[in-house]
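I opened the file to look up a few things about the fold. My notes follow in the order I took them.

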Amino acid sequence: MKNKKLIKNLKIVRAKVDDVAGIYKIVNQFAKQNLMLPRVLNDIYERLYEFFVIKYGSSKNEKVVGCVALHLTWVGKKDEVWGEVRSLAVDEKFQRLGLGKQLVLKCHKEAKGLGVKKMFALTYVPEFFLKLGYEIVLRDSLPHKVWTECINCPFFMECKETPLVRSI
C-alpha cells in the first residue's frame, strides 16, 4: 500500500468506549517490548476522555492504529497547569509516516486551547521528543504532583524513563 493513499485513510479522533480494546492492545504490545509502561483496562476506561486515536479502515471495520493521551497536572501555582503526553503508540505497520508526530501535535493543540503553556513527557525514546522541540530535564524539575502517580508504578525505584519538557 502506498504511503500517500494510506495516510488519506487515517484520521485522528477523540477516543470512544469502542476504542478501549484497541488502545489496550497497542499500548501493551509496546509495553511487552519495554518501550513504554503498560496500561490496565480500568485505567484506560477511567481516562478515556484524555485519549486521541488514529483509526484506519471503513466505518464498519475501523481499527485503532495509534493513540496518545493528554494528561493535565496542576503544579500548585495559580493557573499553572502542565500537559503530559502519555501512552503514545503507533502500530508498527503504520510507523514512519509521521503519525506519532501528528498525535503529539494534536495534544499540543488541545493543551494550548485549554490554556496550557508547558508540556512534558516521560519516555524510553527521548530521541523522538527531541525532534519535536522537547528538551531533556532533570527529574527533580518536574512538578511534584507528577510523582504521586509514579510512586504506584512497579518501576518507580528503577525508573529508566527520560523526562523532557517543551513550552507551547
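**Helix 2 and its surroundings**

I began with the packing of helix 2. Its buried residues pack against helix 3 (41-46), strand 2 (51-56), strand 3 and strand 4 (81-90). I noted that the model is a predicted one.

Which residues of helix 2 are buried? I listed Val20, Ile23, Ile26, Val27, Asn28, Phe30 and Ala31. I kept the helix repeat in mind here: an α-helix has 3.6 residues a turn, so residues three or four places apart point the same way.

I then checked the length of helix 2. It covers residues 20-31, twelve in number, and at 1.5 Å a residue it should span 16 Å.

**Val64**

Next I went to strand 3, residues 63-74, where Val64 sits. Is Val64 buried or exposed? Its relative accessibility is 10%, and because buried means under 20%, Val64 counts as buried.

I looked up its contacts, leaving out residues up to four places away in sequence. Val64 touches Asp19, Gly22, Ile23, Val53 and Ile54. Ile23 is also among the buried residues of helix 2.

**Whole chain**

The protein chain has six helices and seven strands, in the order α-β-α-α-β-β-β-α-β-α-β-α-β from the N terminus. Of its 168 residues, 42% are buried. Its accessible surface is about 10,400 Å², with 54% belonging to carbon and sulfur atoms.

Key
Residues numbered from 1 in each chain as written. Predicted model: local features only at pLDDT ≥ 70, side-chain atom pairs only at ≥ 80, totals over all residues. Heavy atoms only, no water. Helix = DSSP H or I, 4+ residues; strand = E, 2+ residues; numbered from the N terminus. Buried < 20%, exposed > 50% of the residue type's maximum accessible area, 1.4 Å probe, protein only. Contact = heavy atoms within 4.5 Å. Expected span 1.5 Å × (residues − 1). Areas by Shrake-Rupley, 256 points an atom, 1.4 Å probe, with all protein chains shown as cover.
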